[in-house]
Amino acid sequence: MIEIYSTNVCPYCDRAKQLLDAKGATYTEYFIDQDLGLRQEMLERCGGRRTVPQIIIAGQAVGGFDDIKKLEQDGLLDALLTKEGE
């Protein structure tokens, strides 16, 4: 399962979703600006990181857009997404 914590107005969130969409990945998006409880949940699940997006793939917090972009550039994102699909 891929989960994304985001806000309604977030260009980095949009870019992360575009990358995942291009990979054919499906995800669940949580809008932390609409539910303060989700913000606290994000902090707990993502090691205290406060910026959005925060992306969790197969139960592993992988970070934000820059992090999944780096995974893509390093050729590691596909393997992580494949692991997610298992």
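I began with strand β1, residues 2-6: 5 of its 5 residues are buried, so the strand is largely enclosed by the rest of the structure. I note that this is a predicted model.

I then checked the two faces of β1. Ile2, Ile4 and Ser6 lie on one side, and Glu3 and Tyr5 lie on the other. Both sides are covered, and these residues are all buried. In a regular strand, side chains alternate between the two faces of the sheet.

Which strands does β1 pair with? I found β3 (residues 54-57), joined to β1 by 4 bridges and running antiparallel. Within β3, Ile57 is the bridge partner of Ile2. I also found β2 (residues 28-31), joined to β1 by 4 bridges and running parallel. There, Ser6 stands opposite Phe31 of β2. From β1 the chain crosses through helix α1 (residues 11-22) to β2, and I logged this β-α-β crossover as right-handed.

**Cysteines**

How many disulfides does the structure hold? I counted 1. It joins Cys10 to Cys13, with an S to S distance of 2.4 Å. The torsion about their S-S bond is about 80°, so I recorded the disulfide as right-handed.

Are these cysteines buried or exposed? Cys10 has 6% relative accessibility, so it counts as buried. Cys13 is buried as well, with a relative accessible area of 1%.

Last, I looked up Cys46. Cys46 is in no disulfide. The nearest cysteine sulfur to it is that of Cys13, 12 Å away. Cys46 is buried, at 6% relative accessible area.

Notes
Residues numbered from 1 in each chain as written. Predicted model: local features only at pLDDT ≥ 70, side-chain atom pairs only at ≥ 80, totals over all residues. Heavy atoms only, no water. Buried < 20%, exposed > 50% of the residue type's maximum accessible area, 1.4 Å probe, protein only. Pairing = 2+ DSSP bridges. Right-handed = clockwise from strand over helix to strand, strands pointing away. Disulfide = S-S within 2.5 Å.
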